[in-house]
Every structure is written in structure tokens, then in C-alpha cells.
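Here's a quick briefing on salt bridges. Have a look at the model first, then read on.

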Amino acid sequence: MGEELDLLETRDYFPIKLVKTVELPPDRNYVFGAHPHGIMCIRTFCNFSTEANSFSQQFPGLLSKLVSLVGLFCLPIYRDYLLSLGLCPVSCQSLDFILSQPQLGQAMVILIAGAHESLCMIPGEHHLILRNRSFVRLALRHGASVVPVYSFGENDVYRLKTFATHSWQCLCQTTFKNVMGFAPCIFWGRSLFWANSWGLLPFSVPITTVVGRPIQVPSASITDKEIDHYHMLYLRALEQLFGEHKESCGVPPSIHLIIT
């Protein structure tokens, strides 16, 4: 009961809202691509690893599974804590195992861009890094539908210190990310006691997570042509999702989604 109240308080602090655009029948498996990465991935955990926004009622029959960095599961005790929350490592073995289960309706939630995208988290901007095509390869292996998911407001919950692309600070961040799997960054929020003072508490900014239309992916031979085709369909669907919902989520019409 206490944990449930804590989750509801976290949801209402921002607040965090989950929006369904279409029905997702549980007679197939899904790969949810969650964007943007953000700093703490607060909305992804709240929406897909808990019932704070009634995921199972909005998407009956689906079993959501949030995946995280493999390195985090190498830490004693913390690994068990993540497993108790229902998370699993974002490894080929884990993903293949879950999507190979006889029970359909598996929904893998993947932060596709990875840690590098967190370095592009600038309030008021919407910049995604989508060079990674491994999620398309995963969907083709299992015939899982790919679903674009975008969270408006995630980039506004913290302020981030950014560095020029070719600066030594940026080089250090990139090198560290390549070695350790996550990108170190300088960020700040508000104080626990004073709203106008800096601290590590995230800003109370509305976050609206919109779950888009699924892209049907057949279980087919994995070729570069097939991967490029469905990757392009995914990019178009993500751009369409952003364009259709940005104004209702407080994003000015002049702002466009940037994908690199």
C-alpha cells in the first residue's frame, strides 16, 4: 500500500500521463521504442513498470517489460532491486527469451537511442539519435510489431550543461560512454525546500507519454534491405506521432522533431 501511494505521488508530482492512440491486441508481441531517453527515464518506469497510470487496463492482455543497461545488472544487491521492479537487461539473450515465450502479448519497452541521447537533452528542443537499428532486427527475428512512443516534457524535468561537439569535455563524455555504457553529464533540478534554488529534485513539469500506432513487422529473413525498410517506416511513424500530438502537449507549432 505504501509503495502504491509513493508511485501515485510520483505520477502526480509532474504529473505523468499515459495516452493510448489505438488498440493493441494481445494476439502478438510488441517492441515499444521509448523516446526521448532523458536523464532519469522517470516516465518510462512510471508508465510501463508500474500500474500508476493503469497500463494493464489501457492495454489489456499486454505484459510490459522495461529493459535497462546490462552493466547495472552486474552490481550486487542493485541487480536484485532492479529485478524486483520487473526490469531486465537489454541483451540479445534476455530479449530473445522473452519474445520467444509461448504466451503472446509481450511488450518490450526499449530506450532505443541509448545513453548518448541524454547528452542532447535541452529544454524546449526535441532531438533524437536513431542510428541504432538493432530493435528492427529484433522485431524481424520474432515477427513483433514495433510501436513508437514519445514522451512530451521529459527533456524539461532537468537542466543540462552541454558542451561543443569537438570540445575536450564532449570527447571525455563520449569516451566514458563507450567504455562504461552510460554517459556522464552535469545536470540539475530544483531544491527540495526552495523552488528557485538548484538541487537534484526534478522540476514539476507535465509529462505526456503517447503510445502510437503499431508497425506490423513479419517474421522474415533479416537482410539490410528489410532492416532499412522498417527502420524508415518507424522514423516516419515517430515523426507523424510527434506532429499529431505536439500542440496538445504544449509544444509550439514551429518546433519540429530532429532525428540524426
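The side chains of Asp80 and Arg79 meet in a salt bridge, with N and O 3.7 Å apart; the term means a side-chain nitrogen of Lys or Arg within 4 Å of a carboxyl oxygen of Asp or Glu. Searching the whole structure turns up 8 salt bridges. Keep in mind that this is a predicted model, where local features need pLDDT of at least 70, side-chain atom pairs count only at pLDDT 80 or more, and totals for chains, interfaces and linings use all residues. Residues are numbered from 1 along each chain as its sequence is written, and side-chain values use heavy atoms, leaving out hydrogens and water.

- Asp80 is partly exposed at 45% relative accessible area (buried is under 20%, exposed over 50%, partly exposed in between, using a 1.4 Å probe and protein chains only).
- Arg79 is partly exposed too, at 37%.

**Arg141 and Asp96**
- Arg141 pairs with Asp96 in a salt bridge, and their closest N and O atoms are 3.0 Å apart.
- This pair links distant parts of the chain, 45 residues apart: Arg141 sits in helix H6 (residues 134-142) and Asp96 in helix H5 (residues 92-99). Helices are DSSP runs of H or I with at least four residues, strands are E runs of at least two, and both are numbered from the N terminus.
- Arg141 is partly exposed, with 33% relative accessible area.

**Arg43 and Glu154**
- Arg43 forms a salt bridge with Glu154, with 3.6 Å between the closest N and O atoms.
- Arg43 lies in helix H2 (residues 42-48) and Glu154 in the loop between strand S7 (145-152) and strand S8 (159-160), so the pair ties together parts 111 residues apart in sequence.
- Both Arg43 and Glu154 are buried.
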